[in-house]
Amino acid sequence: MIRVVTLDDLDPADLAFLTRNLYRAFGLGTEAAGRKPMPRGVEGKDGRVDAVALLREAPAVRTFADDKVLYITTAPLSIPPGPLGEPPCWGFAEYGKNRALVSTARLPGRGTSEASVEAFRRRLAREAIHAVGHLWDLHHCVDGRCAMHPSWSPSLPASPEMDLCAFCREKSERKIRLAKT
Amino acid sequence: MRGPPPRHPDEPREQLPPVEGFISDAVELIPGVRVVYPNQGVCAVVGIEEKDISGQKLQLVRMRREEDGAAVLVPRNKVPAIGLRRVATGGQIQGVFHYLAAQFDDPELDWKIRHRDNADRLIAGGVLGLAEVVKGLHSLSRLRPLPAKEREQYDNARHLLVHEVAVALGVSAGLAEDYIDYALMPPVGVKFDVPPPPAPVMLPSRPRHRRPAAEEEGDLGDLGLGDLGIDLDLVEGAEKPEVAEEVAEEGVEGVEAAKAPEGEAEGEAEPPAEEVADEAPEKARAARTKPVKKAAPAKARKPAKKADKAVEKPSPKEKPSKKAVAKAAPKRGGKKK
């Protein structure tokens with residue numbers, strides 16, 4: 001089961017689109033688990049939220065074994081810089097565990113036109129599938145059309161697909177089958 | 001200890017210096033120490049225990065794979081042979097990132113060589129070997145889609161690299177993967193000013209899988225008849241010399257011998273004659289030691305002469321004769337019927 005928790009306001013129609021596509025991608029029941037308050041003390045000096053700290057401090061949601069929780073926020077995220085600098089952060093997941101986080105700050109503006117709303121929803125769904133994929137032990141994929149391809153990659157198309165490639169899909173299905181529940 | 005296990009028992013294994021951090025003695029495996037098990041990942045040493053297996057008392061090093069908690073037991077005396085190594089140091093990790101961020105590296109296009117080399121790097125290449133596999137296959141994936149096997153190999157290499165980098169940097173695996181991919185495929189407009197990457201991992205030379213045709217044909221004579229006490233010379237109808245001639249006619253070595261001066265041809269032809277002598281039973285060999293040594297050059301000259309002819313003129317007469325032999329065989333069979 002995938003539970004989607006919002007830390008800021010999100011349109012219910014967008015949330016419904018998201019849960020539908022998460023179900024389609026992983027074949028797992030997906031439901032919105034309501035809104036929770038943003039934890040305090042996770043904002044950095046530059047106004048961005050530390051993704052690692054946020055995921056650690058995020059309010060708990062009642063789950064069963066193998067349930068995955070996806071938090072959605074509108075705040076821009078940051079992660080600690082690595083040996084070559086700080087990678088751009090669209091979301092963050094505890095690899096192979098049960099908590100992931102996605103931000104809408106880097107997504108294309110939602111706007112009001114049908115096309116812009118559709119683009120926003122599709123990109124949000126793509127990033128959500130990417131984050132939940134990490135929870136099912138999926139690594140970044142070399143295929144630019146796969147949802148597991150890094151979000152900042154230059155080979156990512158302008159409107160990326162919100163599907164997994166055959167390899168990642170098979171791997172996630174295998175992991176889900178082996179899960180306890 | 002660094003190279004992969006020899007693929008062919010006859011080939012000597014090339015000795016290369018072990019990878020940095022290689023653990024050559026089980027004494028270093030103190031409980032709590034983190035080590036990298038090739039192709040398995042980072043493990044924490046739990047302790048040393050003694051087990052009775054098939055009546056033998058074995059000292060086993062118990063380790064726990066950090067990724068999933070799986071138990072790994074290794075006989076203590078086999079620790080040097082496994083290729084265990086310490087977790088990569090800060091310097092090594094810097095080298096890995098410099099390597100990943102380096103400019104496009106021409107991938108090996110021959111899939112056989114590539115797959116084999118990558119398998120070797122995963123086992124014996126250390127953390128830089130993992131990075132090389134990831135970088136190489138990633139570069140290739142930009143040219144064409146990876147085959148299923150290599151896609152799997154890429155995923156395995158990435159998995160091992162992510163976990164080792166995570167342990168070495170003390171961050172979560174998710175962060176480590178972001179760092180790796182940031183170096184591997186930087187966003188538009190980002191360029192890294194990094195020092196030149198470290199030298200690539202040295203792999204031991206590979207034995208040839210296929211032996212030369214002449215060598216393989218030479219083995220046809222070794223049918224184990226000597227062990228059975230059968231001497232082809234004593235058996236009626238045995239066509240031992242003809243077999244040798246045909247081999248020389250068709251074999252590459254026969255032609256080369258024809259081109260070479262006579263002395264060299266003799267020198268090259270001698271070993272097969274000695275091999276034939278070795279096949280005979282020991283008693284017969286003892287009796288015929290001298291004649292065989294004298295006869296050896298004579299046997300070797302025959303093919304050389306025939307090979308001369310083959311080089312000078314294409315022998316049209318020989319072909320019909322072979323056909324005639326081939327045709328004669330069914331006739332015999334017909335009579336028997």
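Predicted model: local features only at pLDDT ≥ 70, side-chain atom pairs only at ≥ 80, totals over all residues.

**Entry 1: chain A as a whole**

What share of the contacts in chain A with a separation of 6 or more comes from residues 24 or more positions apart? I looked it up and found 65%.

Next I asked for the overall dimensions. The C-alpha trace of chain A spans about 45 × 40 × 35 Å along its principal axes. I then compared the chain with a simple rule: a compact globule of 181 residues would have a radius of gyration near 16 Å, and chain A has 15 Å, so the two agree. As for burial, 43% of the 181 residues of chain A count as buried.

I also listed the elements. Chain A holds four helices and seven strands. Read from the N terminus, their order is β-α-β-β-α-β-β-β-β-α-α.

**Entry 2: strand S7 of chain A**

I picked one strand to study in detail. Strand S7 of chain A covers residues 99–103, and five of its five residues are buried. Before looking at its sides, I reminded myself of a rule: in a regular strand the side chains alternate between the two faces of the sheet. In S7(A), I found A:Arg99, A:Leu101 and A:Ser103 on one side, with A:Ala100 and A:Val102 on the other. Both faces are covered, and these residues are all buried.

Which strands pair with S7(A), and in what sense? Strand S4 of chain A (residues 68–73) pairs with S7(A) in the parallel sense, over five bridges. One pair I looked up here is A:Ile72 with its bridge partner A:Val102. Strand S6 of chain A (residues 91–93) runs antiparallel to S7(A), and three bridges join them. There I noted A:Ala93, whose bridge partner in S7(A) is A:Ala100.

S6(A) and S7(A) also form a hairpin, with five residues between them. In the turn I checked A:Gly96, which has a positive phi of about 75 degrees.

**Entry 3: a glycine in a loop**

I then moved to A:Gly144. This residue lies in the loop between helix H3 (114–135) and helix H4 (166–178) of chain A. A residue needs 20 or more to count as buried.

Setting aside neighbours within four places in sequence, I found A:Gly144 in contact with A:His149, A:Ser153, A:Ser155, A:Leu156 and A:Pro157. I also took one distance: the C-alpha atoms of A:Gly144 and A:Ala53 are separated by 30 Å, and these residues are 91 apart along the chain.

**Entry 4: where chain A touches chain B**

How many residues of each chain are in contact with the other? I found 20 residues of chain A in contact with 27 residues of chain B. The side of chain A that touches chain B divides into 14 nonpolar residues, five polar and one charged.

**Entry 5: chain B and its domains**

Chain B has 14 helices and five strands. Of its 337 residues, 28% are buried. Among its contacts between residues at least 6 apart in sequence, 63% join residues at least 24 apart.

The domain assignment of chain B gives domain 1 (26–86), domain 2 (90–184) and domain 3 (213–336). I looked at domain 1 and domain 2, whose centres, taken over C-alpha atoms, are separated by 25 Å. Their contact takes nine residues from domain 1 and eight from domain 2. On the domain 1 side, strand S1 (34–37) and strand S2 (41–53) of chain B each give two or more residues. By class, that side has three nonpolar, three polar and three charged residues.

**Entry 6: the sheet in chain B**

S2(B) and strand S3 of chain B (residues 56–65) run antiparallel and are joined by 10 bridges. As an example, B:Glu49 has B:Leu60 in S3(B) as its bridge partner.

Definitions and conventions: Residues numbered from 1 in each chain as written. Chains lettered and ligands numbered in written order. Domains from an automatic or database assignment. Contact = placed C-beta atoms within 7 Å. Nonpolar A, V, L, I, M, F, W, Y, C, P; charged D, E, K, R; others polar. Pairing = 2+ DSSP bridges. Buried ≥ 20, exposed ≤ 12 C-beta atoms within 10 Å, placed from the backbone. Rg over C-alpha atoms; globule rule 2.2 N^0.38 Å.
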